[in-house]
Amino acid sequence: MVDSSVHRGLEDVTVAETRLSRIDGENGELVIGGYPLEELAPNATFEETLYLLWHGRLPTRDELGTFEADLASARSIPDETVGLLRLAAERGVPAMDAVRMGIAAATLAPTDAEQRPERDARLAVAQLPTVAATYWRLRNGEDPVEPDEDLGHAANFLYMLTGSEPSDDEVRGLETYLNSVVDHGLNASTFTARVVVSTESDVVSGVTGAVGALKGPLHGGAPGPVLEMLLDVSESGDPEGYVRDKLESGERLMGFGHRVYEVRDPRAAVLSDAAETFYDESGDAEFFEAAKEAERVGVELLEEHKPELGLNTNVEFYTAVLLHGIGIPRELFTAVFAVSRVGGWTAHALEQLDDNRLIRPRATYVGETDRRWTPIEER
């Protein structure tokens, strides 16, 4: 018999108060720093959203300029980190393993007199895109591209990744994505970051632990398989037939359903609008239209096959559509998720340290209690 006092996975257990984000799974609403997602994500720069999470309000123009400059000045990574990423690339390690290794080295940066949690938070947010882009270029036999302090956070990441300055449409598309997934309650990686810093460890260690949690396929690994599915849908020319065959063969339809949301994921709605705008501007709407049709028939057929679940598209569905359009390689999807979510991780770490209490849950022991020691020669 299962002990009713045990909440497996800490489900429905409240362990913290936060001003960073509020999720209403029943009504499909997400609030970031007091702003409905659909208000913030398509309008803010990533730096504005980050400032909001760190300081509890949007910045003035002067404050934003100073904040952008401080963040941009921390983007470069040491030669030793580049060497580590080069070795990772030569050995073909997965991108998230390389990100974990690279961001753990963030504190190789010279120290200064600033309070360390804020300094480490800035280093983590500024360097994670550099780590991801540097690794990917090395993995593909190309030289790393140095950060450009004159470019914004999103634009600079795309520049470091490709070596070319991105278009305004690409930057706005990526910016909307980064804002949409920057924070989402006490998910596994965010909780990991808070647990680590609750021991009064440093923020970079918290971020490193969070990257390790995000790396797991149950948390951050689904947009890649979604893209593979959508490319197959587009190639088939028959979205309804493709989806029906998938479901009738017992396969899982990727990009549908969420553990928290009982209706359509609000991030899917925001990213769908962003993707539609991007594909319209790029003049390549065929793939987007195939994805929209796959969503429509997917929702209809899931209602037919699994009516009790009420499955709708989640954030991963239109993440795949939008990032693919922007030109992000599928292998980097989870790393780009980390480029965004590091903003939330650091905000939660700073919030935890503001009024810290060691996170120390209990476990119910279910093993034996009456064993007696037996010498090794008698076992």
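Let's start with a crossing. Helices α5 and α6 cross in a right-handed way. Keep in mind that this is a predicted model. Here α5 covers residues 95-104 and α6 covers residues 116-139. How do we describe such a pair? Two packed helices are described by the angle between their axes and the distance between the axes. For α5 and α6 the angle is about 135°, and the axes are 9 Å apart. Angles over 145 degrees would count as roughly antiparallel. This pair is therefore oblique.

Which residues make the contact? From α5 come Ala95, Ala98, Val99, Gly102 and Ile103. From α6 come Ala124, Gln127, Leu128, Val131, Ala132 and Tyr135. Look at the numbering as you read those names. An α-helix has 3.6 residues a turn, so residues three or four places apart point the same way. Now sort the contact of α5 with α6 by class. Nine residues are nonpolar, two are polar and none is charged.

Thr81 sits in helix α4, residues 79-90. Is Thr81 buried or exposed? Thr81 has a relative accessible area of 2%, so it is buried. Thr81 and Thr334 are 253 residues apart in sequence, and their C-alpha atoms are 20 Å apart in space.

Next, a second pair of helices. α9 is 188-198 and α10 is 203-214. They pack at about 150°, with their axes 8 Å apart. The cut-off for roughly antiparallel is over 145 degrees. So α9 and α10 are roughly antiparallel. This crossing is right-handed. On the α9 side, the contact uses Ala188, Ser189, Thr192, Ala193, Val196 and Val197. On the α10 side, it uses Val203, Ser205, Gly206, Gly209, Ala210, Ala213 and Leu214. By class, that gives eight nonpolar, five polar and no charged residues.

Now the loop between α9 and α10. Glu200 is located there. Glu200 has a positive phi of about 70°, although it is not a glycine. Is Glu200 buried or exposed? Its relative accessible area is 65%, so Glu200 is exposed.

Helix α2 itself runs over residues 46-55. Eight of its ten residues are buried, so α2 is largely enclosed by the rest of the structure. The buried ones are Phe46, Glu47, Thr49, Leu50, Tyr51, Leu52, Leu53 and Trp54.

Last topic: aromatic rings. How many aromatic pairs are there? The count is eight. A pair of aromatic rings is described by the distance of the centres and the angle of the planes. Take Phe278 and Tyr279. Their ring centres are 5.7 Å apart and their planes stand at 90°, so this pair is edge-to-face. Both Phe278 and Tyr279 are buried. Tyr279 also pairs with Phe288. That pair is stacked, at 5.9 Å centre to centre and 25° between the planes. Tyr279 has a relative accessible area of 2%, and Phe288 has 1%.

Step back and find the group these rings belong to. One aromatic cluster is formed by Phe256, Phe278, Tyr279, Phe287, Phe288, Phe317 and Tyr318. Tyr279 is the residue to start from on screen: it is edge-to-face with Phe278 and stacked with Phe288.

Terms used
Residues numbered from 1 in each chain as written. Predicted model: local features only at pLDDT ≥ 70, side-chain atom pairs only at ≥ 80, totals over all residues. Heavy atoms only, no water. Axes fitted to C-alpha atoms, helices over the stretch in contact; angles between N-to-C directions. Helix = DSSP H or I, 4+ residues; strand = E, 2+ residues; numbered from the N terminus. Parallel < 35°, antiparallel > 145°, perpendicular 65-115°, else oblique. Left-handed = near helix turned anticlockwise from the far one by under 90°. Contact = heavy atoms within 4.5 Å. Nonpolar A, V, L, I, M, F, W, Y, C, P; charged D, E, K, R; others polar. Phe/Tyr/Trp six-rings, centres within 6.5 Å; stacked < 30°, edge-to-face > 60°. Buried < 20%, exposed > 50% of the residue type's maximum accessible area, 1.4 Å probe, protein only.
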